Structure formats: structure tokens, C-alpha cells
Amino acid sequence: MTQFEGTLPAGVSLADHEGLPVVQVRTDAASADIALQGAQVLSWRPAGADEVLWLSPHAVFEPGTAVRGGVPLCAPWFGPGRKKDKPSAHGWFRTASWTLADAAVEGDDVVLRFTLSGADADVPEGEATDISAEYLVRVGRELGLSLTVTAGAEGLDLEEALHTYLSVSDVAGIRIEGLGGTRYADKAPGGRAVNAQPGDLTLTRQTDRVYGHDGQAIVVDEAAGRRIVVDKEGSGSTVIWNPWEAKAAEAPDIGDAWRGFVCVEAANALNQHVQLDPGAAHTITTRLSLQ
Ligand SMILES: O=P(O)(O)OC[C@H]1O[C@H](O)[C@H](O)[C@@H](O)[C@@H]1O
């Protein structure tokens, strides 16, 4: 575990979550848990509200294994990579050990800064090791997540996602506003590369779509009496994912719990990948709030 060397502000502490080191935030405005592995936000609960993120009841907490739920950081590629030639799913950021570099109180919020250097990480053979990243996690009545990736000497063909699992009462009963009028690539079996989204999205089966979409999306969960607003910047794709029953049965860390989440991911993937010159940086940001 990489220990924070300064003094942690009030409301911030280091703890253990089933064997994984986590940063815990407990303030009057919100609570949150962030694992150092993958800088993965596992929980965010604004004061007076129910948990907003979904963490699988079957999640596995083992060093080097991606945890199912919260906000895994996918980079420097997404899925198998846009040319389908990458050695592991979703890139090495999500299981790397990040450093908590700074923790500060700003008004009602706590801002955590995590850093990652490819030189110190377990980067797959043949992939650039001079990539670095910084991740700002702002915990308050809103959850603000901002990932900056800096290319190494070769430049970088970057794909990334803030792979946000949102907790819903029943994925089959929600509606997603904000995607109407956009186009998407359908990655579900038999799906076409280009499709039009006519209006709001309701999910009725296995859904795995990369929307060309740079604006707001709202998950309307009437049964839970809430709307989860997903704002973003620096992101040309929104990924919507739920495996549905049969596919979930193949993933032991989802199984019968599949109805409880929808992934709405601020991303830059497929056609919306980001081409970085040597030493150049790109920032992707998402902000979650409740209505
Ligand atoms: O099982 P994982 O590697 O965590 O990936 C889970 C899912 O992530 C994204 O949403 C992709 O679009 C899906 O194709 C993938 O199945």
C-alpha cells in the first residue's frame, strides 16, 4: 500500500475493505470509499440520500482483480482496444496501485488527488511504460471525477472510460434521457456498427452501446423516486451497459444481481478515441448529482 505522507484532513482516513486499502471520506456533506487499487471509487452517498453507486454483492476483493462496481478507471484502452489487439480488457489503469498524493478540504467538499506512473506499474509487455496519470476525486453533494492522462515519448492513441455503475431499483424499469438524436455503435451480439437513438433509452435486453455523445445524461428511476444526473467534459462517448440475465449468469461477480445497476460511462472510445502527441495530456471529467 502506498501511504499518504502528509496529514490527512478531518473526515479522511485510510482503512481496509476486505483486504484492499481504501481511502474513506466521512463528512457532513457525503461519504465515499476509494480503493487505492485502480483509484476505484467504491461508494458515494450524499448526506440524506441512498447509495448512488452499485457495488456487486458478489464482488471479489483481491489484489490484481478488477472489482465489480463503483467506478473502475478504464485506460489507456477500452475493452479489447479499438483495433481489438490489446492484451487485457479495459487497460492496466484499473488494477494498478495508485498513490494518494494529496487530500484537502475545499468548502463542504473533500478533494483527493491520486497519481499513477507507468514506470512503477505492472504494464503489459509491449505497452508504453512512460504514460502517467492524475485523478481528482471531489466528494461532496456532487461526486466529481477528473482523469488526466499524459502521453509518453511515442504519443498515445488513448481510449478511456469512467466506468460508472449506477445503483437503480430495476434496470428494466428506468429511462435514460439525453441520448436522443445521437448515434451509437451496438457491441451486443448481432449489433450493427451505426444506429440512431430516436429518443429516451429504455433497456429491455443485453445492452452494450458506445454513443457518440458529449452532453448530459439523466437516469430517471421513478420507483426509487430519484434522477441521477451525469454531466461530463472532455468526453465524446457515453457507454451504456447492462449484461442482462443470461450474460450476467456467466459472470460470477454479477450473477443474479444484474437488475440493480446500469453503467453510464463518460468515455472516449472507438471513433471518439483521443490522439495525443508526445508529452501531451487530456482530461476527462464526470460529475454525478441527484435530483
Ligand atoms: O467485465 P468487464 O471487463 O469489467 O467489462 C464490462 C463491460 O464494460 C463495458 O461496458 C464494455 O462496453 C462491455 O463490453 C463490457 O462487457
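Predicted model: local features only at pLDDT ≥ 70, side-chain atom pairs only at ≥ 80, totals over all residues.
1. Ground rules. Local features need pLDDT of at least 70, side-chain atom pairs count only at pLDDT 80 or more, and totals for chains, interfaces and linings use all residues. Residues are numbered from 1 along each chain as its sequence is written, and side-chain values use heavy atoms, without hydrogens and water.

2. The shell. R68, F78, A89, H90, R94, H163, K187, D208, V239, W241 and E265 surround the ligand (each has a heavy atom within 4 Å of it). The shell divides into 4 nonpolar, 2 polar and 5 charged residues. Here Asp, Glu, Lys and Arg count as charged; Ala, Val, Leu, Ile, Met, Phe, Trp, Tyr, Cys and Pro as nonpolar; the others as polar.

3. Polar contacts (N or O atoms within 3.5 Å). A polar side-chain atom of D208 lies 2.5 Å from a ligand oxygen. For R94 the distance to a ligand oxygen is 2.9 Å. For E265 it is 2.9 Å. Taken alone, the ligand exposes 390 Å², and the protein buries 78% of that (Shrake-Rupley method, 1.4 Å probe).

4. Aromatic pairs. The structure holds 10 of them (ring centres of Phe, Tyr or Trp, its six-membered ring, within 6.5 Å; planes under 30 degrees apart are stacked, over 60 edge-to-face, the rest tilted). One is Y165 with W241: edge-to-face, 6.2 Å centre to centre, 85° between the planes. Y165 lies in strand β12 (residues 165–167) and W241 in strand β19 (residues 237–242), so the pair ties together parts 76 residues apart in sequence. Strands are DSSP runs of E, at least two residues, numbered from the N terminus. W241 also belongs to the ligand shell.

Definitions and conventions:
Polar contact = N/O pair within 3.5 Å; in protein donor to acceptor, adjacent residues only side chain to side chain. Helix = DSSP H or I, 4+ residues; strand = E, 2+ residues; numbered from the N terminus.
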